[in-house]
Amino acid sequence: MSKIKGAIVVNTNRCKGCSLCIYACPKDVIALASKKVNLSGYPYVEPVRAEECIGCASCAIVCPDGCIAVYRKKVED
């Protein structure tokens, strides 16, 4: 049996840390980086539990700056 897994890629330099993606994620895969900021001085989001991603792309859909890309891959059990 196969499952769909997701992989999240965040453009950290474009992220403004609005947190909309964090609230949209049903699996709590991403979080705001603590004690880290991007080149513009904003805290950014990063995957903290990447293995939990189901590839739904809710985070990418709500991102106002288009900072997130989600890739889906089929994984055999």
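**Before starting**

The model is predicted: local features need pLDDT of at least 70, side-chain atom pairs count only at pLDDT 80 or more, and totals for chains, interfaces and linings use all residues. Residues are numbered from 1 along each chain as its sequence is written, and side-chain values use heavy atoms, with hydrogens and water left out.

**Stop 1: the nonpolar core**

Select Ile8, Cys21, Val29, Ile30, Val45, Cys59 and Ile68. These are the residues with the most contacts inside the largest nonpolar core, which has 17 residues. A nonpolar core is a set of buried Ala, Val, Leu, Ile, Met, Phe, Trp, Tyr and Cys residues joined through side-chain atoms within 4.5 Å. Buried means under 20% relative accessible area, exposed means over 50%, and partly exposed lies in between (1.4 Å probe, protein chains only). In soluble globular proteins, nonpolar side chains tend to be buried together.

Which elements give two or more residues to this core? They are β1 (2–10), α1 (20–24) and β4 (68–76). Helices (H or I, at least four residues) and strands (E, at least two) are DSSP runs, numbered from the N terminus.

Leaving out residues up to four places away in sequence, Val45 touches Val10, Thr12, Cys15, Cys21, Ile22, Ala31, Leu32 and Ile68. Contact here means heavy atoms within 4.5 Å.

Then move to Cys21. With residues up to four places away again not counted, Cys21 touches Ile30, Val45, Cys59, Val62 and Ile68.

**Stop 2: a patch on the surface**

Select Leu20, Ile61 and Val62, which make a nonpolar surface patch of about 280 Å². Patches are made of residues with over 30% relative accessible area and no salt bridge; like charges are joined within 9 Å, and nonpolar side chains (Val, Leu, Ile, Met, Phe, Trp, Tyr) within 5 Å. The areas come from the Shrake-Rupley method with a 1.4 Å probe, and for residues only the protein chains shown count as cover.

Is Ile61 buried or exposed? Ile61 is exposed, at 67% relative accessibility, and its place is in helix α2. From C-alpha to C-alpha, Ile61 and Cys21 are 8.2 Å apart in space and 40 residues apart in sequence.

**Stop 3: the salt bridges**

How many salt bridges does a search of the whole structure find? The search finds two. A salt bridge is a side-chain nitrogen of Lys or Arg within 4 Å of a carboxyl oxygen of Asp or Glu. Side chains of opposite charge can pair when their charged atoms come close.

Select Asp65 and Lys16, whose side chains meet in a salt bridge (3.8 Å, N to O). This pair links distant parts of the chain, 49 residues apart: Asp65 is in the loop between α2 (58–62) and β4, and Lys16 is in the loop between β1 and α1. Asp65 is partly exposed at 24%, and Lys16 is partly exposed at 45%.

Now select Glu46 and Lys36, where the closest N and O atoms of the salt bridge are 3.2 Å apart. Because Glu46 lies in strand β3 and Lys36 in the loop between β2 and β3, the pair ties together parts that are 10 residues apart in sequence.

**Stop 4**

Select Asn38, in the loop between β2 (30–32) and β3 (45–47). Asn38 is buried, with a relative accessible area of 7%. A polar atom of the Asn38 side chain lies 3.0 Å from the backbone nitrogen of Ser40. Apart from neighbours within four places in sequence, Asn38 is in contact with Thr12, Asn13, Cys15 and Tyr44.

Asn13 lies in the loop between β1 and α1 and is partly exposed, with a relative accessible area of 43%.

**Stop 5: two positive phi values**

Most residues other than glycine have a negative phi. Select Ser19, where phi is near 75°, a positive value. Ser19 is found in the loop between β1 and α1 and is buried, at 14%. Finally, select Ala57 in the loop between β3 and α2; phi of Ala57 is near 65°, also positive.

How values were computed: Polar contact = N/O pair within 3.5 Å; in protein donor to acceptor, adjacent residues only side chain to side chain.
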